[in-house]
Amino acid sequence: MSNGQWTPLRLLILIIHCSLFIVHSSVAQSGKAQELYAQSIKLFGERRATDAIPYMEQAVKEDPGFLDAHLKLGQLYEFTKRYEPALTAYRNAIKLNPDNPASGAAYQALSNTLLRLGRYSEALPYLSTYQTMFAPESSQGKRIARQLETARFGQEAIKHPQAVDPKPISSVLQTTPSQYFPVLTADEQTLVFTALKPEGDEDLMTATFNGETWSPPVSLSPNINTPENEGTASLSADGRTLVFTACQGRKGYGSCDLYMSSKTGSDWSKPENLGPTINTRFYESQPALSADGRQLYFVSDRPGGKGRRDIWRSALGPDGTWSEPVNLGEPINTPSNEASPFIHPNGQSLFFASEGHIGLGGYDLFVSDNESVTSQISGWSIPTNLGYPINNSEDQASLFVSPNGSRAYYSYEEQKDGVSQKSRLYTFDLPESLRERVKPVSYLKGIVADAKTKKPLAATVELIDLKTNQMLSRVQADAQTGAYTAILPSGGEYALYVSVPGYLFKSLSFDFTQKPKEGQPAGTGMTLSVPLEPVIDGTSANETLSNLFFESGQYALADKSRTELDRLAAFMQANPAVKIDISGHTDDTGEAAANLVLSQKRAQSVVTYLAKAGVATDRIRAIGYGKTRPLVPNTTEENRQLNRRIEWKIR
């Protein structure tokens, strides 16, 4: 994979290559064996590893005590991906001198190979013996101690596997030698991934899901894909903001830079470099956008980090510029490499890959929670390894988890005889143990349009926490289609406001404080089209103020009504010529006269609040209708709740 993605494997090959030229203390007793050994080394130097093997095999036969020939034979087998003979050769080298430090290279090669193959139990005794050859505080002693931790962790993880059954997303997507780094929209109907083509070019591809099948993938956009490599992308929840990595072919600041493109209708804009605040002369890659596109996580090896490649975060300001990136610090980042962050749409769960935290070897996938989202505690929780078989001894690249926390998507390197063949896109149901960690969220999507002309509107959609009156997210509807997608958190009461200058705003109410109904999973998506009424005197329809709250039979406004009232006050100040009627309505429970009085007093409470907020009293009028104007028949409690309402209308 390009974009400097998985260099450890390349380094391993380089180390093996170079180590074939290291002269160890073992010397052949047989001149013939020494000649065969030298010929084998010469052939390997000419990149003829397969031809070199018979000469090294013959050298071992000529002199079975030639330790270095056993070691080099094992390395040649390993280089040509013949792992079983490699292990045998390393074991033979160790048997010659099991307690002598001269066998250290064989112990190291054998344990490294066993760990790479995920054969943890076999590696443990060799690592334990190897460890005795070094002082605990030496660099080699610490490295072996770390490998022992990996072997023990891997051994336990395999004993207690996660209940997962990964399956290819669809064979329809397999149009290139490899596919990886999948990301999806909140509704899981649009997929973007990196595809490696036969000629070595990486492009961003997209496919859509119609509820049953995936469409054949196509190039994301001619504005984005070039003859050079594009990859490791991230999407906002609505699929209309894309950040991706490019390492050459574009004018940038460093080895790899991040670029952004926006979608209007079906067209992607020409990508723009995110600029010198995000991109430096160092490596920037593997972006992860928050659901609303206003937080950006990415990987960089810039100075000021905890290790080599770390995860950093930046926020999009009101002026459209990105803030100075902040290193996530401990316990996320380690002295080793972190990679491929993914921030779940709940804004709380961060999935990422790391070779620095204890795992099953190479890069493993982890999850950590932003504790400041749910408590007064600042920072991130200790990362949790996602377990086996999600993680194994191979490198795990990236993970995307659906908003409701039920499914995960990732790229998996299919193996044959211990050799990676090609990377494919897989999906699996998240096991219960991990599902409990991921707070599910819902999504709301639909079309915003003029109620009269049906013309799509580029509305602003804002989500407010009624308890704190804090804005949680703000997204824009598509200017050409009016389409919007907003993430709805679980476990609270929220107001959603849809607004366009020159139109009455629409308020929607979502109460997730109750458990979902039987058979309805948490985080179920919803579709809702939103018609907006233009600001025209006397002809606008009634709009319900959906986020006003009263105690039963009372007219005093609950504190969480402030969000709605402040919105209405701001609308009145933005439209100084507008006059409105505030009308109160009840259901049919109780005396008609009492209901009429209650509806009048509730409407008057709204007028009083607006007047205190600075709205002239001659612009606002309270009217009580009692139970005389029901929206729906008073036949169920749900209907009665709809009929108990406050409306406003331009007069």
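## Basis of the model

Local features in this predicted model need pLDDT of at least 70, side-chain atom pairs count only at pLDDT 80 or more, and totals for chains, interfaces and linings use all residues. Residues are numbered from 1 along each chain as its sequence is written, and side-chain values use heavy atoms, with hydrogens and water left out.

## Helix 10

Helices (H or I, at least four residues) and strands (E, at least two) are DSSP runs, numbered from the N terminus. Helix 10 covers residues 562–574, and its 13 residues reach 18 Å from the first C-alpha to the last, close to the 18 Å expected at 1.5 Å a residue, where the expected span is 1.5 Å times one less than the number of residues.

Buried residues (under 20% relative accessible area, with a 1.4 Å probe and protein chains only) in helix 10 are Thr563, Glu564, Leu565, Leu568, Ala569, Phe571 and Met572.

An open sheet is formed by 4 strands in the order 2-3-4-5, with antiparallel pairing. Strand 2 (178–184) and strand 5 (218–219) stand at the edges with a single partner strand each, so one side of each has no neighbour in the sheet.

Pairing requires at least two DSSP bridges between two strands; strand 2 and strand 3 (residues 190–196) pair over 5 bridges in the antiparallel sense, and Ser178 has Leu196 in strand 3 as its bridge partner.

## Ile487

Ile487 belongs to strand 25 (residues 483–488) and counts as buried because its relative accessibility is 10%. Leaving out residues up to four places away in sequence, Ile487 touches Ala186, Ala237, Ala291, Pro345, Val441, Ser442, Tyr443 and Leu463, contact meaning heavy atoms within 4.5 Å. Ser442 is 45 residues from Ile487 in sequence, while the two lie 5.9 Å apart in space, C-alpha to C-alpha.

Note on methods: Buried means under 20% relative accessible area, exposed over 50%, partly exposed in between (1.4 Å probe, protein chains only).
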